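Dear colleague,

Please look it over first, and then read the notes that come after it.

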Amino acid sequence: MQKEYSGIFVSNFNLQNYINILENDSESPEIRTFQAPYGQVLNVLLDNKENNNYDFGFLWVQPQAIIDSFNKLINGQLIPTSVIINEVDEFCRTVINFSKTLKFLFVASWNMPYYNRGWGILDLKNNLGISNNLMRMNLRLSDNFNDFKNIFILDSQKWVDAAGKDAYNSKLWFLSKIPFDNIVFKQAMRELKSAIKTVSGESKKIIILDLDNTLWGGILGDVGWENLRLGGHDFIGESYVEFQLGLKALKNRGIILAVVSKNEESVALEAISKHPEMVLKKEDFVGWEINWDDKSKNIQNLLKKINLGPQAAVFLDDNPVERARVRESLPEICVPELPKNVMEYTKALNLLNCFDVINPTKEDLERTNLYLADNERQKLKTELNSLDDWLKSLQTIVTIEELNNQNIQRAAQLFNKTNQMNLATRRLGESELTQWANQNNHKLWTIRVSDKFSDSGLTGIISLEIENKTALIADFLLSCRVMGRKIEEVMLNTVINYSIKNDIEKIIAKFSHTPKNKPCFDFWKEKSGFFFIQEENSFVWDFQSPFPEITQIEIKNNY
Amino acid sequence: MKEEIIKIILKTCAELNEQLKNKIDISKRENTELYGNNGVIDSLGLVNLIVSIETEIELKYGKSLILADGTSFPMNSSPFRTVNTFANYIVDLLNQKSF
């Protein structure tokens, strides 16, 4: 079943075509729309009623209809830029107040039709040109909204560019006050859906790549690495290099890369290591399955090794048969079409709108290194005799802190991204999280994990809601990167110790099943030590026995 | 010419269906009901249909028509009732207009 989100749509033009396109699009997620009466933008923005019923708001206004001084400029009057900017600031203040009634607000940037030439060759001159002022107005929107974590500006110029010269439709405008052609609305729909998926933590985390005719030109097994088409004075070779550069840029933004290819492993790794034009090096990949087995099976093995679910993955392969096979057997994986022509590969990669993040954190940017460190951990695990020996050898340190200004951004990100080890799967933004944690009967701890291989950073959260000597575990979530290393037990130990000190008599954890959090349920059922009450789908700790000591981990309580 | 115009209208209806909850049943070909008592499109749907058909006609015949010129038609004789009446209206306009 598709996820459904509801939004309030505010505009000073007729948005009905856009709404119809959004509501009738079959791609996930489904959007339920509420359209504020058009032409009454300020009334809607100034109405301070709570908009909690909606998952998001969307504001798309034409600049000349909302910024009066800019309208005068368009009509040939000489208006100082400072006057326009002051009016933009005033508008932004209203929008910011409106955003406080919503979880997220998406605001479309401003643009003008290409055929409005303004002052022609003077149009980019300071204090005169329409284009000059419009650029400043958009930058001002960006500056004013920059510190508001729930407001996102969507670049509408890209939607207009994609539609070309027919983006603005005069006939639709005069007949029904719809300024844009449907091509613009379709682009806007894709971007809005992408934005909703991003803020809901549905972004992809890993790209799984084929090798032959995907990362390089030619069949390695036939031609040898020396004769692959990659780089050099060759337009095909250059196209593959550019594609690899695009992938490397994504890797630098925190998207991890892996390889699944039908090849001899040793031959393929030799090509990756030795070819002088390879942009992607062995250490850029968190893992690989290079053999002659079915690719779906290999993808499953790979994802299992790195603790990611198929919904986090994108698979890129030049071969349509392999793509179809993976789509069929692993429907949760995103398998986009790759163009037949390699010169279009980078464009197709850049058009994928599933890798966005809300606030890139240190943990995001270092994700590949964190996975490589995990590979080292797993290697060590196979060398040691027992799980206990392995855990001890990792020299893990867990640091427990309360929520503060330094960790709120990452904490909110974890709330919105964690799927597998997540008890309640509550999705909260920064302000909601702060508000929740500040209530007197609520306690929330963040968990940082480091060991001799790497600092995994803030990777866990546990929180309590206390009523009459009973503590309800509201959240129990842990990044898949550190699952299965007794961090789960440390988190439970923390709440049990706190409860003992505060005379709490009972701890309850209510489990909310999702399609993705079975690992969490399994942990609670098999390893938590809590009693499971099936009828209530709850786990209970009754203090009859002490929580087992955790000797393999050093715990630092910074609260 | 009328056959070509019917094709254009049906193609445009199919495109419009992408954004309609209640789809236009184009299987009835020229007898497809559009706007009015038995039609499924509302006034905005009609505007979208008219604008798209004008564009298609201009591309195909190089002639610029204004299909909604502000004249109001009685519902029982509106040219937008069915694909057939719409096609007749367009053919008439194309024949009337000297280009």
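The notes below go from the overall build of chain A to its interface with chain B.

This is a predicted model, in which local features need pLDDT of at least 70 and side-chain atom pairs count only at pLDDT 80 or more, while totals for chains, interfaces and linings use all residues. Residues are numbered from 1 along each chain as its sequence is written, chains are lettered from A and ligands numbered from 1 in the order in which they are written, and side-chain values use heavy atoms, with hydrogens and water left out.

Chain A contains 22 helices and 18 strands (DSSP runs, H or I of at least four residues for helices and E of at least two for strands). Its C-alpha atoms fill a box of roughly 80 × 70 × 40 Å along the principal axes. Of its 559 residues, 54% are buried, that is, under 20% relative accessible area with a 1.4 Å probe, counting protein chains only.

Turning to the interface, 15 residues of chain A are in contact with 10 residues of chain B, where contact means heavy atoms within 4.5 Å. The two chains bury about 1100 Å² between them, 50% of it on carbon and sulfur atoms; buried area is the accessible area (1.4 Å probe) that two parts lose on being put together, summed over both. Asn24(A), Lys171(A) and Leu175(A) supply 46% of the area that chain A buries against chain B, more than any other three residues.

Within chain A, residues 24 or more positions apart make up 72% of the contacts with a separation of 6 or more.

Definitions and conventions:
Buried means under 20% relative accessible area, exposed over 50%, partly exposed in between (1.4 Å probe, protein chains only).
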